[in-house]
Amino acid sequence: MLWGRAQVDDQGGEAEQEIVAAADGRTEEPLAISMSGPPTLQKRDAASPDVLRRRFARVRREAAGCQRCELWARATQTVFGEGPVPAALMLVGEQPGDREDLEGHPFVGPAGRILAEALELAGIDREATFVTNVVKHFRWRPSPNGKRRLHERPTRANVTACLPWVQQELELVRPDVLVAMGATAADGLLGKGVSVMRDRGRPIDSQLAPTVLVTIHPSAVLRARDDRDAMLDGLVADLRVAANALPSAG
Ligand code: URA
């Protein structure tokens, strides 16, 4: 992949953007990647699913060597999004956890089990869903006895550094329905104006996909003690809204 720098005058300003040549073995129009603020969708070309998949494979390989922020140094690997490309539904979480970091796949640990349960209850096929995170490396600190790696919320700088990858995923997955799970994903994708608790489960005005929703992060269900069932029900209800917005829902 070819990385370059370009001056892009988007809103009358001089936003500097980094560009990546979308490569599928041929020279193509570069895909612009916003380097500050939430992702913005660029005009979509008429690429076939095969071309989108080849581009995705290339972007994924590029992300494997990402050192855009400091997190790569203490993480095992980049955990890129997974699922069909393109996909009707794209779910975005915060960052890989301990298991995801070791295994290299998103949502395969305890939060992933909650997500799988919620998707099933909402009648959504996980295999048909693209699942990713706004941050692609695990941010952690050692437990007091040094034996465990404890989750640390990614910083704003981590999220900003990683946004170009989410933007690429969005460009290539082209979801009909996009769901940000938790405040980190909601802030990263949609900006500070969106509140998960206030805005969850109803369509949000955004250019990122035909339908954009926010909901709680599945790990909130894990953390809930007495009201676990209510939290899970809420997550499932929000995911049902997503399911009903899919083109296949008719
Ligand atoms: N939490 C996330 O946000 N993403 C994962 O992949 C796992 C846990």
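Predicted model: local features only at pLDDT ≥ 70, side-chain atom pairs only at ≥ 80, totals over all residues.
Next, the contacts. Take the contacts in the protein chain with a separation of 6 or more: 66% of them come from residues 24 or more positions apart.

On secondary structure, the protein chain has 8 helices and 9 strands. Four of the strands are what I want to go through. They form an open sheet in the order E5-E4-E8-E9, and the pairing is parallel. Strand E5, residues 129–133, and strand E9, residues 211–215, are the edges, each pairing on one side only. From one strand to the next, the twist averages 20 degrees.

Now to the pair E4 and E8. Strand E4 covers residues 89–93 and strand E8 covers residues 177–181; the two run parallel and are joined by 4 bridges. If you want a specific position to look at, take Leu91, whose bridge partner in E8 is Val179.

How many residues surround the ligand? There are 13, and the closest are Gly93, Glu94, Gly97, Pro106 and Ala111. Gly93, then, is among the closest residues to the ligand, and strand E4 runs over residues 89–93. Sorted by class, the shell around the ligand holds 7 polar, 4 nonpolar and 2 charged residues.

Note on methods:
Residues numbered from 1 in each chain as written. Near = placed C-beta within 6 Å. Nonpolar A, V, L, I, M, F, W, Y, C, P; charged D, E, K, R; others polar. Pairing = 2+ DSSP bridges. Axes fitted to C-alpha atoms, helices over the stretch in contact; angles between N-to-C directions. Contact = placed C-beta atoms within 7 Å.
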